[in-house]
Amino acid sequence: MAQFGHVSAVNLSGQNTIVNKWSTQSSWRCGCKVGRLNSISFAGSDAMGHKLRIPAAHTLTRTFNWDAIPLKVVCIDYPRPELENTVNYLEAAYLSSSFRNSPRPNKPLEVVIAGAGLAGLSTAKYLADAGHKPILLEARDVLGGKVAAWKDDEGDWYETGLHIFFGAYPNIQNLFGELGINDRLQWKEHSMIFAMPNKPGEFSRFDFPKVLPAPLNGIWAILKNNEMLTWPEKVKFAIGLLPAIVGGQAYVEAQDGITVKDWMRKQGIPDRVTEEVFIAMSKALNFINPDELSMQCILIALNRFLQEKHGSKMAFLDGNPPERLCMPVVDHIESRGGQVILNSRIQKIELNKDGNVKNFVLNNGKLIQGDAYVFATPVDILKLLVPETWKEIPYFKKLEKLVGVPVINVHIWFDRKLKNTYDHLLFSRSPLLSVYADMSVTCKEYYNPNQSMLELVFAPAEEWISRSNEEIIEATMKELAKLFPDEISADQSKAKILKYHVVKTPRSVYKTIAGSELCRPVQRSPIEGFYLAGDYTKQKYLASMEGAVLSGKLCAQAIVQDYELLAMREQRKLAEASVV
């Protein structure tokens, strides 16, 4: 979040007790192998500069030495799935190539971009590929926007959110490939894992078999899971989905005006299906509950997950996003003549007499001019800075209905290694928590063989965003006591908190409520030379990292298409200046 994010941290004293013993059963549930030594290795990978090699995942055997103490934990990352032949990946690759292959401009445009989140970085990257000179301004001293992260005094990172990279993110997957950083994604087994609130400490899995194509692998995963839905519920859900399958994209888009909860009831799907599956899914997708979320959002996700074999397969970034993802984009931009400037907050959009943009005014009074201008900030920041003369233009007026959703990201470092977890993203199905992961297992840079660090998304957060960090941690611990009944208690009589960080974002991704689709703007505004980028702008991946990256590509595409118009505009300005 470029302007509204608030970060606070509190250290809690506690004894640093090292726990090395993991049960054999727990280690295998985490996707780990047990052996000698107290260390970790990642299969065929570079772990922050240290080359570590172990046999490939399929060569591991369940051979245990029951007396081997201390234990060795070996976390296995799965191979990158074959994504390159999917239709969506090829479409994204073609769009990327269009910038590299476009005619070189006689005079490159200087394009001023506000906001160095994924949308702004993407816009600048593809403009640079097309031969133009982006000037990317970021208000804060950190890259990433909604994927920003910070390092505390002890060298530990804490993030704005728990970020997952899906196989169904074709533009992000292309971006990683174009930057040569595919190896920075840690792919996990193709599963979705849900906590069981009625059985504390237990989980239910949807496992997608590798041998089946889509959508059969997804259907099989649903049919094989008998813990969350009964067979009659599965049948009614399948029948309810038939209109979406038959009607295709046109049907999906037409469901924007109805909530998930109302759509389910309209289709005759039992409320228990919503309660068991779609509360967790809604909170994971947009941090709100099914009684608010537009059904279009769910159907788009289901369509991607069911139509692409690896669409729902997940990967974690191997470290903090600013360094491991954003900096390679910055290096790429700067290598092609672009600029990325931090601590450059926009105070005002100053206009010419004709109503077009004259320049951006920074907080320090500096004026930044260009041939074109892009706002790639969250929609709430844009709304604060829209000039008065633009506010009644329908394009900008409808933005008032788009509002960022509050979200809280919680990080807790414990004094021991928690056993009741997986090397994967977990759906908590808690009324207060959305998804969580033990980042000391899932992420190379954050790995710790002796202590767990849980990263949790606290959502819906509207009633909690103004509360103290202490209250949020207290509520989180009560929920964790249900997820880890043998290891965590709310009073810390079991696992103790060593420290925590709470990151509050009062206005995160736009709230995808019913009826919001009509309010989303295209990237080219009615103001000549002024463009928008951001996940809230019109693109098919809604409020997501993929949506942000795609919006940046579409924004860059609009500017490249408008090159002649923008170049002539600059010539007119020079001619008018010479006359004066």
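Arg-205 counts as partly exposed, because its relative accessibility is 23%, between the 20% and 50% cut-offs. Asp-207, at 35%, is likewise partly exposed. The two residues form a salt bridge. The model is predicted, and it holds 31 salt bridges. Three of them are listed here.

| Salt bridge | Closest N to O distance |
|---|---|
| Lys-188 and Asp-423 | 2.8 Å |
| Arg-205 and Asp-207 | 2.9 Å |

Lys-188 and Asp-423 sit 235 residues apart and link distant parts of the chain. Lys-188 lies in the loop between β11 and β12, Asp-423 in the loop between β20 and β21. Lys-188 is buried at 1% relative accessibility. Asp-423 is buried too, at 6%.

Glu-292 is partly exposed at 31%, whereas Lys-511 is buried at 16%. Elsewhere, shared partners join Lys-125, Asp-129, Glu-178 and Arg-336 into one salt-bridge network.

Next, the sheet. Three strands form an open antiparallel sheet in the order β10-β14-β11. β10 and β11 each have a single partner strand, so one side of each lacks a neighbour in the sheet. Two bridges join β10 to β14. Phe-166 stands opposite Met-314 in β14.

α6 gives the largest share of the lining, 11 residues. By class, the lining has 15 nonpolar, four polar and one charged residues.

Terms used: Residues numbered from 1 in each chain as written. Predicted model: local features only at pLDDT ≥ 70, side-chain atom pairs only at ≥ 80, totals over all residues. Heavy atoms only, no water. Pairing = 2+ DSSP bridges. Helix = DSSP H or I, 4+ residues; strand = E, 2+ residues; numbered from the N terminus. Nonpolar A, V, L, I, M, F, W, Y, C, P; charged D, E, K, R; others polar. Salt bridge = Lys/Arg side-chain N within 4 Å of Asp/Glu carboxyl O. Buried < 20%, exposed > 50% of the residue type's maximum accessible area, 1.4 Å probe, protein only.
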